[in-house]
Structure formats: structure tokens, C-alpha cells
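Let's take a walk through this one together. Have the picture open and follow along as we go.

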Amino acid sequence: MSTKVERNYLEINSLKDLKKSKFSPNDCLIDLSDPADFQINKFFYKSIGKEHRWTDRLVWTDKQWTEYISDQKVKTYILKKANDMAGYFELIFHEEKKETEIAYLGLLKEYQNKKLGSFLLTSAIKNSFSENTNRVWVHTCSLDHKNALNNYISRGMRIYKTESISI
């Protein structure tokens, strides 16, 4: 049995187009995961993704996870709230195209619906433009958090492509 899913591709072409989150929690910090640790990416992917049917990486071996996060094009940032891991985002820098993909972005369930998503996305976009980037893009779908699409649009991203797929 297949499920019909609406997928939206969004982009932002300049840091000046970013509409920053007005929410700035004083007990939160977003840091680059350095050195990269595949266990962190794997943990967030599985924990956040189980609610949204993220499945493509579930078959990855530890070796595949290690190769992925060891790639110089991939950077992972961790959101900590009062020293607890609360969320993350993965950026993939495509130097040849001068663009950055927000590959994954999410919050653990207990940190959702607390305005942290707008704070996290603002940081993802700002960090994306730190690497000689002319364009930042992401795709979201109807299986993602109910506020995901609105968050992207509220931060200044615009939809450039929509498609319906069956999964």
C-alpha cells in the first residue's frame, strides 16, 4: 500500500533574505559537531526520523555512516538546551555549484513546539552562507512536522518546485 506525499523544494539566495527568528533562548547553544561522530547523526536521524518516515539511511552500516560524516562537504550542528542535546541539522556544501543543501534538520520530540525550530533553522541558513554559498536549498514533505513548511517560508525561503510522489 503506497502513501501519497507532497514534496516541496525551497531555496533562499542571499543571507539578506533571511528573516531571523525573533526567539533567542538564553539556555541554548548550537555548535559544530567537531570532531564528527557518526553516532550523533545516527541517533538524531533515527530518533527524529521515526515520526516522519525517514527511512533511506536505516539500512546504512556504521562504515557508511562514518564515510558520510567524514566527507569534508558534510557538517553537522547540534542544538543543546541546558547541555542536553535537543536537535540538529546537517549541511552538505556543493562547492562546484556554490550551494548548500540542508540535508536534515529536526528536534527531538520533547523539544518540539517550543519555538526552537525557528531558532535552529535560522542558524542552519546562517551557517550555510558562511561557505561561499549563493543558494541554500532544502526539501520537505507532508510527512515532516506540521510546522516545517511554514517555518521555512517564515525564514525567507521560497518554494521553487512541488511534486506529488507515492512511497
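In this predicted model, start with helices H1 and H2: their axes come within 9 Å and cross at roughly 105°. An angle from 65 to 115 degrees counts as roughly perpendicular, so H1 and H2 are roughly perpendicular to each other. Who does the touching? On the H1 side you'll find Phe38, Asn41, Lys42 and Tyr45, and on the H2 side Asp62, Trp65, Thr66 and Ile69. Sort these residues by class and you get four nonpolar, two polar and two charged ones.

Now pick out Asn41, which sits in helix H1. Is Asn41 buried or exposed? Its relative accessibility is 1%, and anything under 20% counts as buried, so Asn41 is buried. Skip the residues up to four places away in sequence, and Asn41 touches Trp65, Ile69, Thr76, Tyr88 and Glu90. Two of those names, Trp65 and Ile69, are also on the H2 side of the helix contact.

Next, hop over to the loop between H1 (38–49) and H2 (62–70), where Asp56 has its place. Asp56 has 48% relative accessibility, so it counts as partly exposed. Which residues does Asp56 contact, leaving aside neighbours within four places in sequence? They are Tyr45 and Tyr104. With Tyr45, the side chains are joined by a polar contact of 2.6 Å. With Tyr104, there's another side-chain polar contact, this one at 3.0 Å.

Key: Residues are numbered from 1 along each chain as its sequence is written. This is a predicted model: local features need pLDDT of at least 70, side-chain atom pairs count only at pLDDT 80 or more; totals for chains, interfaces and linings use all residues. Side-chain values use heavy atoms; hydrogens and water are left out. Helices (H or I, at least four residues) and strands (E, at least two) are DSSP runs, numbered from the N terminus. Buried means under 20% relative accessible area, exposed over 50%, partly exposed in between (1.4 Å probe, protein chains only). Contact means heavy atoms within 4.5 Å. A polar contact is a pair of N or O atoms within 3.5 Å; within protein, one must be able to donate a hydrogen and the other to accept it, and residues adjacent in sequence count only if both atoms are side-chain atoms. Axes are lines fitted to C-alpha atoms, for helices over the stretch in contact, and angles run from 0 to 180 degrees between N-to-C directions. Angles under 35 degrees count as roughly parallel, over 145 as roughly antiparallel, 65 to 115 as roughly perpendicular and the rest as oblique. Ala, Val, Leu, Ile, Met, Phe, Trp, Tyr, Cys and Pro count as nonpolar, Asp, Glu, Lys and Arg as charged, and the others, Gly among them, as polar.
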